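Subject: Structure for your review

Dear colleague,

Please find below the structure that I am handing over to you. I would be grateful if you read the notes that follow with the structure open beside them.

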Amino acid sequence: MTLTAFNWPQLQNGSDIRGVALEGVEGEAVNLTPEIAQILGMAFVHWLSQTLNKSASELTVGVGRDSRISGPTLMDAVLAGITQMGSNGYNFGLASTPAMFKSTVTDGFNCDGAIMLTASHLPFNRNGLKFFTAQGGLGKTDITQILSLAAEQAFEVAADPGQVSEHNFIGVYAAELVSQIRVAVNHPDHFEQPLQGLHIVVDAGNGAGGFYADQVLKPLGADITGSQFLDPDGTFPNHIPNPENKEAMAAICQAVTQQQADFGIIFDTDVDRAAAVDHLGQDLNRNRLIALISAVVLREHPGSTIVTDSITSDGLTQFIGDELGGVHHRFKRGYKNVINESVRLNQSGQESWLAIETSGHGAMKENYFLDDGAYLISKLLVELAKSKMAGQNITDLIANLTEPQESEEYRIKIQADDFKAHGNSVISKLENFAAQQSDWQIVPNNYEGIRIACSSPSEQGWLLLRLSLHDPVLPLNIESNVGGGVASIATKLASFFQGIDGLNLPSALGSS
């Protein structure tokens, strides 16, 4: 394969670049090589120069990576591309995605742009690039432009190449979190160590989040005994670093229980997502995490709108509105969609201080609307310390959250060439079907797919059928507040799906 014939658009995954960086997985050819990474570094400098109206020689670009095996080699290649264009490169080594953005707005660094080498929670053989400026993460159209520049390769290589220097930026980033927690808790007896007397367990999943235990919790006085998988290891030998992964959540819950700890923290590979565990070993993720951070935000900013993705529960809506006095604005899946909607609401005059997905991507207005797992957890640690001083538990904040008794997600594969058209046709047909059911009501103000409230005594829940953002799949979420409710809703849906071709249905929905 020659690079002149290389299919650059295949590397685009929404607002990220992602590819296969290592051989060894059957059916997955390597398409993110050092040579390609070097060209991407050059393309970013070219794009940055045009966007900021600065010559390449005036630019400084920071580069960091997560723990993936391919990271060091790809980082060297990206830095080679940056300096070849005449720009200076900062090698930040092991870093987090949020830290890379912060390098563009932190005094003493103020990088013109930054690149994070990561593929989030994807398998070990994958890698990718995320790009930032001081205005935030690049969007889909920006990535398309950078890939077009990479395909053209009409670069002016500098006669005088830039220089690479190494910096420990994750230490700077961690120190800022430490300072913020100290000030926010303002402990009357031990200001410097406000987490004294608290036992907190961290599970970094061998990703890039291990720094949080040693560089944030320890200086704050926390006991981190029993923290696990802190060392970076790109083979991810223990579990997938993903707060949505059941095995990963079971690991941190078990660690908290065994250690009899006060709190547990789990990060994804590049630390832009997080979840937590309470002192009883119960997970604080998805709706519970959203409810907890919403309680904090709405105490600081009464009446604020909380933007979430589309699969959040009815109980969360009631909790945010009735208990907290806020507004729940349920939007589309995709962390960028959620963040952009919150930004849009603020621009229109509707105050929104939090945008958060059930996946653990949480972004706050006070923090550049950056989806930052470490910042989100730090906000919760402030509440943990304050709760301890008051003789309470942090979970008292969500004591009145109603949670569904049952919850399931099914992934219906679409077997049609034009999967988007077929998927949208199925959603349209379900809308007609729902209108004919006496105890089903189509939920208004829904921004993705179709959401249906199922009100019969045997169902008492809701369903959401939507089209996947990227894949030929119709994800179906069903929740119920009664035992057997999910099965009851699924049975009624099975009668609907019987008359539709081109779908590979799971057994619960009537597949033979």
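How many nonpolar, polar and charged residues are there in the lining of the largest cavity? By class, three of the lining residues are nonpolar, four are polar and two are charged. Please keep in mind throughout that this is a predicted model.

The cavity

The structure holds one cavity of 30 Å³ or more. The volume of the largest cavity is about 30 Å³. Its lining is made up of P243, E244, A274, A275, N285, R286, T358, S359 and G360.

Residue H239

H239 is found in the loop between α6 (211-217) and α7 (246-259). Is H239 buried or exposed? Its relative accessibility is 4%, and residues under 20% are classed as buried, so H239 counts as buried. The side chain of H239 is joined to the side chain of D203 by a polar contact of 2.8 Å. Apart from its neighbours within four places in sequence, H239 is in contact with D203, G205, F229, E247, A248, A251 and I266.

Helix α9

Which residues are buried in helix α9, which spans residues 314-323? They are G315, L316, F319 and I320. These residues lie on the same side of α9, because they cover an arc of only 130° around the axis. The general rule is that an α-helix has 3.6 residues a turn, so residues three or four places apart point the same way. The buried residues of α9 are covered by elements including α8 (287-300), β13 (305-308) and β14 (327-330). Just after α9, G325 has a positive phi of about 75°.

Residue V172

V172 belongs to helix α5, which runs over residues 169-185. With a relative accessibility of 30%, V172 counts as partly exposed. Leaving aside neighbours within four places in sequence, V172 is in contact with T106 and F109. How far apart are the C-alpha atoms of V172 and Q436? They are separated by 59 Å, and the two residues are 264 residues apart along the chain.

Yours sincerely,
A colleague

Definitions and conventions:
Residues numbered from 1 in each chain as written. Predicted model: local features only at pLDDT ≥ 70, side-chain atom pairs only at ≥ 80, totals over all residues. Heavy atoms only, no water. 1 Å grid on protein atoms, 1.4 Å probe; cavity = no way out; pocket = protein on both sides within 12 Å on 5 of 7 lines; lining within 4 Å. Points joined across faces, edges and corners; volume = space filled by probe spheres on them. Nonpolar A, V, L, I, M, F, W, Y, C, P; charged D, E, K, R; others polar. Helix = DSSP H or I, 4+ residues; strand = E, 2+ residues; numbered from the N terminus. Buried < 20%, exposed > 50% of the residue type's maximum accessible area, 1.4 Å probe, protein only. Polar contact = N/O pair within 3.5 Å; in protein donor to acceptor, adjacent residues only side chain to side chain. Contact = heavy atoms within 4.5 Å. Arc of directions from axis to C-beta.
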